Amino acid sequence: MNIIMIIILFLDQITKFLATKLLKGNESIHLIRKFLNFTYVENRGAAFGILEEKKIFFILTTIIIVFLLITALIYYRKTMTKKFEISLKLIMVGSIGNLIDRILNSYVIDFIDIKFGGLYDFPVFNIADISIVIGTILLMYLILTDKLEKEEDIFE
């Protein structure tokens, strides 16, 4: 899983670099008409742009979250299921990807722009956001199904 985390972080950073070089100051690139576009956005807040211009707050909060995730990974490593470990690592690597942006740029670079026709224009996001969302959905599933810990072997 550690190599996957490195790959996700690399993909996040390289796609943000490419988005900056190819999209910043330019029109959106339309991949699938009226559905999938690449649009450069500088997000100075959290999800959906809430709490704009709170850079220090987001940096400190993210550092605390990453520290807590690392602590949980170490403390529960012997009892956590592989899926639980994966969910925490996905959340952590996505958080780190966006943290890098906040430290270097004072904003997060978003570029994946999905529209559902005239019905809904989803907020622009990035690879790190995808990692956080997938990790969070997996974690919620594991919590709801009580599958965070390995089953005890009654024969030990």
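Is I6 buried or exposed? I6 is exposed, with a relative accessible area of 55% (buried is under 20%, exposed over 50% and partly exposed in between, with a 1.4 Å probe and protein chains only). The place of this residue is in helix α1, residues 2-23; helices here are DSSP runs of H or I with at least four residues, strands are runs of E with at least two, and both are numbered from the N terminus. Between the C-alpha atoms of I6 and L68, which sit 62 residues apart along the chain, the separation is 19 Å.

A word on the model itself. It is a predicted one, in which local features need pLDDT of at least 70 and side-chain atom pairs count only at pLDDT 80 or more, while totals for chains, interfaces and linings use all residues. Residues are numbered from 1 along each chain as its sequence is written, and side-chain values use heavy atoms, with hydrogens and water left out.

Now for the sheet. Four strands form an open sheet in the order β1-β2-β3-β4, with antiparallel pairing (two strands pair if DSSP finds at least two bridges between them). At the edges are β1 (29-32) and β4 (120-121), each of which pairs on one side only. Two bridges join β4 to β3 (residues 108-116) in the antiparallel sense, and Y120 in β4 is the bridge partner of F116.

α1 lies across β1, β2 (36-43) and β3, at about 80° to β3. α3 touches β2 and β3, and its direction makes about 125° with that of β3. Contact means heavy atoms within 4.5 Å; axes are lines fitted to C-alpha atoms, for helices over the stretch in contact, and angles run from 0 to 180 degrees between N-to-C directions.

α3 itself covers residues 82-105, and its 24 residues reach 34 Å from first C-alpha to last, close to the 34 Å expected at 1.5 Å a residue (the expected span being 1.5 Å times one less than the number of residues). Just after α3, S106 takes a positive phi of about 75°.

What about the inside? The largest nonpolar core has 15 residues, and L69, L73, M80, F84, L88, M92 and L139 touch the most other members. Such a core is a set of buried Ala, Val, Leu, Ile, Met, Phe, Trp, Tyr and Cys residues joined through side-chain atoms within 4.5 Å. At least two residues of this core come from each of α1, α2 (55-75), α3 and α4 (127-144), and α3 gives the largest share, six residues. Apart from this core lies another, of nine residues, including A19, L23, Y107 and I114.
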